[in-house]
Amino acid sequence: MGYKCDLFHPVTFNEKLQWLKLNAINPDYTRLADKVKLKEFVREKLGEEYVVPTLGIWNKPEEINFDELPSNYIIKCNHGSGSLFSLLVDETITKEEIITKLKNGLKINYYYHAAEYPYKNIERKIIAEKILLDESGKFPPDYKVYCFNGVPKIILVCIDRFGNPKNNFYDVNWEKLDLQRRYPNCENFKLPSKEFLNKLLETAKVLSESIPFVRVDCYLANNNIYVGEMTFHPLAGCVEFNPPIWDTILGGYLNL
């Protein structure tokens, strides 16, 4: 990140995420980081309609009967972070490529990559999910709600993540922020209705209750809100914001 990490007096968002990795050791977070068990949590808190439809769950790639799956789907390891080991399957990908990727993914324990405790003890599985599409038949944007002590503060919208990715940040009033992360902004992106967006914020609030920080990632498709995952340490606590002052602004939202 280019600056010394002060774990005794953390101020920035990234410093505080590193502090949480070392001090917020909560076995309950393992359930929420597990992409299979998270579905159970979402059902309990919100209901079945918020859960991305599951096509199958397996312990190892050799158990997968590919003939029973549709031509297009998402397949991934349940213990991976973000898009790692998540594969968009279509006619261009062979069974052998899928199996090889999944085998490699199952070998990795993410805890040893960057000390993210929620991933340490996940019982590893493979999960295939139905592809969600918006009304135009495209992949829907990914709405990532940054929640601090159970309160949504900002929203990162990831647009065209499988094509030409772009990012926009918004405040809770859905005003676009002068902020970038990894990818350029999308100037012509049109948000859905405020009613729908506020329901999204309420969804994130319910799921993040009593957690110091968590990012709740959702998709808006077919007039529904689907919960994709819950992320405790975005980019393992090495998020480069532009302008950098946002590292300090978001750090101010996080009470340890």
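Trainee: Why does lysine 103 count as partly exposed?

Mentor: Buried means under 20% relative accessible area, exposed means over 50%, and partly exposed lies in between (1.4 Å probe, protein chains only). Lysine 103 has 38% relative accessibility, so the residue counts as partly exposed. Please note that this is a predicted model, in which local features need pLDDT of at least 70 and side-chain atom pairs count only at pLDDT 80 or more, while totals for chains, interfaces and linings use all residues. Residues are numbered from 1 along each chain as its sequence is written, and side-chain values use heavy atoms, with hydrogens and water left out.

Trainee: What makes the contact of glutamate 62 with lysine 103 a salt bridge?

Mentor: A salt bridge is a side-chain nitrogen of Lys or Arg within 4 Å of a carboxyl oxygen of Asp or Glu. The closest N and O atoms of glutamate 62 and lysine 103 are 3.1 Å apart, and the pair forms a salt bridge. Glutamate 62 is in the loop between strand S1 (54-58) and strand S2 (73-77), and lysine 103 is in helix H4 (residues 95-106), 41 residues apart. Helices (H or I, at least four residues) and strands (E, at least two) are DSSP runs, numbered from the N terminus. By this salt-bridge rule the count comes to 10.

Trainee: Which side chain meets aspartate 67 in a salt bridge?

Mentor: The partner is lysine 95, at 4.0 Å, N to O. Aspartate 67 lies in the loop between S1 and S2 and lysine 95 in helix H4, so the pair ties together parts that are 28 residues apart in sequence. Aspartate 67 has a relative accessible area of 68% and is therefore exposed, whereas lysine 95, at 41%, counts as partly exposed.

Trainee: Why are lysine 144 and aspartate 217 called buried?

Mentor: Lysine 144 counts as buried because its relative accessibility is 9%, and aspartate 217 counts as buried because its value is 1%. These two residues form a salt bridge, with the closest N and O atoms 3.1 Å apart. Lysine 144 lies in strand S5 (residues 142-148) and aspartate 217 in strand S8 (residues 213-221), so the pair ties together parts that are 73 residues apart in sequence. Asp142, Lys144, Arg215 and Asp217 are linked in a network of salt bridges.

Trainee: How many residues of each class line the second largest cavity?

Mentor: Its lining has six nonpolar, one polar and three charged residues. Ala, Val, Leu, Ile, Met, Phe, Trp, Tyr, Cys and Pro count as nonpolar, Asp, Glu, Lys and Arg as charged, and the others, Gly among them, as polar.
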